[in-house]
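Keep the model open while you read.

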Amino acid sequence: MKRRRGSPPELGCLQAWAAENRALVERWKAARCSGPGGAAARKVRQQRGGFGELLLRMRELPAALPALPLELTVLYNSLLCPTGASESAIKEAAEGIHQGLLRVLEASGGCGQDLSTEELWQKVLKEVTAEELQAPLHRMVALQAVWWLAASRLGSTAGLLRLLSNAEDPGRTRCSEGENELLSLLKAWRVPVEAASLPLVQSTEDLKEILCIAAAFLQGLQELEAGNLPNAFSLLQEAAGGFCSKRVLAQIYTCLGCCAQRMGKLQTALQHLKRALQVDFQCLPALSHVAAVYHQLGETEAELHTLALLYEALEKNPPVAASSSPPFLIRTELLVHTPLLASLLRPCHPSEVKYLLARRSLQDGRVADAVEHYLDFLALLQEGPQQQVPLDGGSPLPRIPEVFLEAASALEQAGRHQDAITLCEEVISRTTDLIPRMLPVEERLQQPGCPSPGTELSQQKESLCCLAWRAAGYLHQGWAWAKLGENKEAITQFSRCLGDLLRVQIYGPGVELTENLLPEVEVFQKIRLLSLIGRGTQFLELGRHKEALLDFQHSLQISPGDPRAVPYLVEALWKLDRRPEAAAQWQKFSSSPPREEGQ
């Protein structure tokens with residue numbers, strides 16, 4: 001006997017659908033318990049497809065009140081087998097929920113084809129009062145909140161929960177001033193008891209707990225990004241008080257540590273970062289932040305020890321890309337994925353940590369350790385793609401030629417002058433073909449408020465960088481040859497350095513002033529100063545006092561009263577038998593106030 005169009009499903013049909021839903025839930029749970037891996041993920045996808053097919057069969061019939069609790073349960077289960085939080089997944093979930101709400105209105109005799117999802121929710125929660133639909137609608141509210149949070153739509157989520165609260169208890173007072181509305185609504189939400197006859201992949205109460213953590217976490221990150229640090233710290237503490245996985249809890253503690261660090265509470269930052277490592281020892285970004293806090297505290301020994309531990313951990317467990325397999329449940333990780341969080345939890349690369357070890361050791365005067373670390377870093381670059389340096393903007397690594405030059409400086413300080421010369425030669429040879437014969441720089445374009453064409457400026461800055469690296473290479477080679485007692489070779493390298501700097505031609509108003517020049521051009525002035533002093537000292541040793549005097553005079557035009565140049569100038573004047581001038585220069589130098597560091 002055929003069922004009349006518009007009539008509700010027969011009891012036997014409802015029982016069969018309910019049994020199929022139960023079987024799919026049981027198979028889903030069995031797949032989940034089989035552990036991680038591709039096979040388990042495929043089984044979960046199969047069950048998700050099964051829920052989808054069942055839902056399509058149910059929707060072949062007109063919406064009817066007796067079948068709606070089961071239909072909404074199947075829809076809920078189908079959308080709880082997530083494929084990630086991509087735009088396509090969020091769009092698919094939004095369409096599914098929208099269709100579900102339309103079916104609810106259809107069964108209740110209403111219509112909402114032209115309404116937005118927010119308007120549909122307002123209509124459904126106001127007009128649909130059937131008792132048997134209350135628990136399914138609460139589940140749909142939880143599901144909607146999940147996917148809106150995944151899309152960072154916190155305002156829409158709070159609005160939905162406000163509608164639900166007003167529909168259940170119109171006289172309920174709103175949250176007090178200063179209280180977080182979204183968290184207040186979530187905590188006050190009374191989830192109905194689930195019916196045993198309608199098994200779920202994941203309970204509504206479980207989703208509510210996840211929503212509380214995710215809402216606090218997301219808002220904490222938003223406040224942190226906006227610079228509202230006390231609010232951010234309070235919200236992140238709220239998130240840490242929820243029940244979540246060790247991985248998420250470690251991430252929250254890491255964010256708390258970074259927030260405390262920005263607040264200047266460095267000891268508090270250390271406590272939270274160490275707590276993150278206690279919760280999940282694989283949260284290596286927390287260890288990286290610990291090293292940064294020790295650096296800020298000036299505790300070099302602790303910083304170097306932490307960096308060494310981090311490098312050792314990365315060697316044992318190199319950073320890998322996040323798993324692409326879908327999660328088996330809605331989890332906090334699915335909802336919280338902001339750019340700031342990705343930045344704070346950016347995985348470290350072994351080459352970055354090795355570089356930091358080298359640089360910090362050199363800055364602290366541990367020259368032997370610095371040389372070892374720099375050479376290890378350069379060796380890492382030769383080990384293939386897995387050890388290449390990361391190219392994202394969050395890396396602490398400078399450009400590779402700069403690392404070579406730092407390493408050369410360490411080798412010089414360690415007395416390994418020939419090795420320093422070889423390393424600088426590598427920089428010189430690799431940048432030579434990248435430098436134009438002449439490099440005009442318009443000083444006017446670098447002043448504030450004077451825009452410059454982006455591509456042209458970028459090319460100009462790159463050429464300036466290459467020229468600075470090669471000039472610095474010649475400068476290091478000059479000093480290295482000088483230490484080896486090869487005065488003529490040292491003079492040759494210093495002269496090459498000075499010749500390179502003549503390639504830069506600055507034009508425009510005010511070119512005699514340096515404060516508005518490109519940073520690279522200011523670096524050229526410093527390199528020129530050191531090169532003139534270096535060449536002048538070699539002329540002195542060879543008895544070429546007039547040439548030495550000229551170099552020292554030119555260096556003092558760049559940096560008047562420079563304490564590195566004045567003593568040599570006095571010596572050159574003295575040896576040229578210009579002793580009154582020498583005495584006057586020394587008297588002027590001795591009576592001048594000491595220069596501030598960095599001048």
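Let's start with tyrosine 374, which comes out as buried at 2% relative accessibility; buried here means under 20% relative accessible area, exposed over 50%, and partly exposed in between, with a 1.4 Å probe and protein chains only. This is a predicted model, where local features need pLDDT of at least 70, side-chain atom pairs count only at pLDDT 80 or more, and totals for chains, interfaces and linings use all residues. Residues are numbered from 1 along each chain as its sequence is written, and side-chain values use heavy atoms, with hydrogens and water left out.

**Rings**

How many aromatic pairs does a search of the whole structure find? There are 5, where rings of Phe, Tyr and Trp (its six-membered ring) pair if their centres lie within 6.5 Å, and planes under 30 degrees apart count as stacked, over 60 as edge-to-face and the rest as tilted. Tyrosine 374 pairs edge-to-face with tyrosine 355. Tyrosine 355 sits in helix α17 (residues 350–363) and tyrosine 374 in helix α18 (residues 367–380), so their pair ties together parts that are 19 residues apart in sequence. Helices are DSSP runs (H or I, at least four residues), numbered from the N terminus. Tyrosine 355 is buried too, at 1% relative accessibility. Ring pairs also bring in Phe377, making a cluster of Tyr355, Tyr374 and Phe377.

Tryptophan 479 and phenylalanine 494 make another edge-to-face pair. Tryptophan 479 belongs to helix α21 (residues 454–483) and phenylalanine 494 to helix α22 (residues 487–501), 15 residues apart. Phenylalanine 494 is buried, with a relative accessible area of 0%, whereas tryptophan 479 is partly exposed at 26%.

The two pairs, in numbers:

| Pair | Centre to centre | Angle between planes |
|---|---|---|
| Tyrosine 355 and tyrosine 374 | 6.4 Å | 70° |
| Tryptophan 479 and phenylalanine 494 | 5.4 Å | 80° |

There's a charge over a ring as well: the charged end of lysine 354 sits over tyrosine 311, 4.4 Å from the ring centre. To count, NZ of Lys or CZ of Arg must be within 6 Å of the ring centre and within 35 degrees of the ring normal.

**Helices**

Helix α13 (residues 284–297) has 14 residues and spans 20 Å from first C-alpha to last, close to the 20 Å expected at 1.5 Å a residue; that expectation is 1.5 Å times one less than the number of residues. Its buried residues include Leu284, His289 and Tyr294. What do the buried residues of α13 pack against? They contact α11 (246–262), α12 (266–279), α14 (300–316) and α16 (339–344), with contact meaning heavy atoms within 4.5 Å. Just after α13, glycine 298 takes a positive phi of about 80°.

Now look at helix α8 (residues 181–188) and helix α9 (residues 204–226), whose axes come within 10 Å and cross at roughly 170°. That makes α8 roughly antiparallel to α9 (the cut-off is over 145 degrees). Among the residues that meet are Leu182 and Leu186 in α8, and Leu211 and Ala215 in α9.

**Loops**

Serine 152 isn't a glycine, yet it has a positive phi of about 60°. Serine 152 lies in the loop between α6 (134–150) and α7 (154–168) and is partly exposed at 38%. Aspartate 577, also not a glycine, has a positive phi of about 65°. Aspartate 577 is in the loop between α25 (566–575) and α26 (579–591) and is exposed, with a relative accessible area of 59%.

Key. Helix = DSSP H or I, 4+ residues; strand = E, 2+ residues; numbered from the N terminus. Axes fitted to C-alpha atoms, helices over the stretch in contact; angles between N-to-C directions. Parallel < 35°, antiparallel > 145°, perpendicular 65-115°, else oblique.
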